[in-house]
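Biologist: Can you walk me through this model? I would like to start with the core.

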Amino acid sequence: MSALSRPTFLGRVVAGCALVLAVSLAAPTSAPGVTVGTDGKPIKNKAGIEFGISAHRGGMGEWPQNSLEAFTETIKRGFDSLETDMVFTRDGHAVMSHEDKLASRCLQDGQTGLAIHSMTLEQVQQVRCANLAGEKVVPIPTFEQLAAALKGHPEILLSLEVKAYTGQSAAGKKQWAEKAIKLVQKYKLQNQTKLISFNWEYALPVFRKYEPKIRVIALDQVQLDLDRVRLAKKLGASAYGTRVKYTSVYLVKYVKSLRIDSAPWSATDNEQRAFQIYHANKSGFMFGTDTPSATQDDLVNGRINLDPVPTMTATTLTSPVTISSITYKTGRKYYKAVPTKAVPTADLAMLGDVTLKITVKGGTGKGSLSVGPASSPSSASVKVALPKGTKTLTVRSPLGDNRKVRISTTKKVKLTVQVVSYQRMRFPSAG
């Protein structure tokens with residue numbers, strides 16, 4: 001199976017989601033770069049989705065993060081993918097660091113505020129970061145060193161996050177994107193590289209200009225924003241995702257409806273990871289982890305449930321929460337926010353929908369009412385007939401942008417809209 005056909009090329013970025021049960025530091029018995037089960041075959045679930053391992057920052061729980069040691073160990077031990085980060089020095093050299101502003105683990109006593117973009121390569125090469133024992137002996141590697149380590153290993157995929165820094169101009173972000181993609185081309189890594197960006201509105205057009213077919217993952221850290229999803233699609237993203245804690249069932253479905261992959265990231269517990277697995281893209285799923293040896297051991301030995309079964313669990317509010325009580329004008333769209341006292345922020349993760357009790361006062365028995373997620377296509381709305389007289393309707397809808405639902409009527413009518421319950425997709429056996 002070629003590197004391009006392996007599903008891990010499309011895998012998720014799931015930083016810090018190892019949740020390991022055991023640690024195995026021995027190199028896998030499989031061929032390098034292809035995680036296989038005890039039967040020697042690729043690991044798949046009942047849906048036929050194939051699973052692999054990505055070493056986050058080179059496996060920062062086992063080796064110094066983003067270090068040459070981490071890169072070489074990832075390659076030697078045969079993890080499916082190496083995830084790392086790229087920033088640039090003042091004189092234009094690419095170095096592998098998660099931070100532009102150096103963290104305390106890379107600073108000597110008395111140093112503060114050093115930023116790589118304001119340093120020369122020579123200055124960066126004098127920096128020493130802490131190893132896992134806290135000793136500041138680890139140099140910051142260059143992209144050239146990473147490329148040299150990957151040479152001859154097309155089976156190891158590279159997940160490369162191109163960074164930016166606070167206050168960097170749009171032109172500067174585009175320039176870094178151009179430098180990054182040209183380096184990928186220079187070292188002929190296009191066929192094994194997936195580019196990751198949180199600044200994708202600037203970087204994506206640049207990546208696409210030089211490499212129309214390379215995979216680019218557009219990531220956000222915000223709550224649901226369907227306009228951002230549409231922009232990612234327009235600019236040519238291969239996948240889009242925000243933090244799992246903000247990812248609803250509707251967001252996953254909407255992203256996939258645009259024929260791009262869904263990539264929610266930063267799962268913090270087994271249930272969130274089960275949610276990711278359940279919604280995995282047919283092309284495959286990669287476990288991004290700080291402890292790749294342990295996670296691979298769990299995967300190979302069947303300690304990760306690859307076929308999680310969801311349950312939709314309803315929460316009924318103690319008291320209904322009124323979000324609107326006005327006269328709705330014919331044909332006008334109204335956007336009503338569902339507050340945190342109705343749906344806590346913690347429950348936005350895996351949210352299914354909210355149940356609305358809508359009281360119609362003095363209806364004529366003509367026309368209809370539409371309710372749907374704010375900013376969604378009209379096809380996502382539920383349409384019901386308006387009753388005659390004063391009656392109460394029950395309508396369920398996902399939440400859209402800014403936690404809002406979109407309400408409209410074809411006839412002028414007084415409506416009182418209350419949230420009475422909501423439901424979430426849960427995985428009881430994942431704990």
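Predicted model: local features only at pLDDT ≥ 70, side-chain atom pairs only at ≥ 80, totals over all residues.

Modeller: Residues are numbered from 1 along each chain as its sequence is written, and side-chain values use heavy atoms, with hydrogens and water left out.

Biologist: Fine. Which residues touch the most other members of the largest nonpolar core?

Modeller: Met86 and Phe143, in a core of 57 residues. A nonpolar core here is a set of buried Ala, Val, Leu, Ile, Met, Phe, Trp, Tyr and Cys residues joined through side-chain atoms within 4.5 Å. Buried means under 20% relative accessible area, exposed over 50%, partly exposed in between, with a 1.4 Å probe and protein chains only.

Biologist: Which helix gives the largest share of this core?

Modeller: Helix α4 (residues 170–186), with 6 residues. Helices (H or I, at least four residues) and strands (E, at least two) are DSSP runs, numbered from the N terminus.

Biologist: And what does Met86 touch?

Modeller: Leaving out residues up to four places away in sequence, its contacts (heavy atoms within 4.5 Å) include Phe143, Leu160, Val162, Ala180 and Leu183. Apart from this core lies another, of 27 residues, with Leu369 and Val405 among them.

Biologist: Switching topic. How many disulfides?

Modeller: The count is 1 disulfide, taking a pair of cysteine sulfur atoms within 2.5 Å as the rule. Cys106 is joined to Cys129, S to S 2.0 Å, and the link is right-handed, with 110° about the S-S bond.

Biologist: Are those two cysteines buried or exposed?

Modeller: Both Cys106 and Cys129 are buried. Cys106 is in the loop between β3 (94–95) and α2 (121–124), while Cys129 is in strand β4 (residues 129–130), 23 residues apart.

Biologist: Now sheets. What is the order of the one with β13?

Modeller: The order is β13-β18-β15-β16, an open sheet of 4 strands with antiparallel pairing. Two strands pair if DSSP finds at least two bridges between them. β13 (334–337) and β16 (382–385) each have a single partner strand, so one side of each is left without a neighbour in the sheet.

Biologist: How many bridges between β15 and β18?

Modeller: β15 (residues 368–373) and β18 (residues 404–409) pair over 5 bridges, and Val371 stands opposite Ile407 in β18.

Biologist: And the sheet with β12, what order?

Modeller: β12-β19-β14-β17, an open sheet of 4 strands, with antiparallel pairing. Its edge strands are β12 (311–328) and β17 (388–397). β12 is joined to β19 (residues 413–426) by 13 bridges, and Ile326 stands opposite Leu415 in β19.
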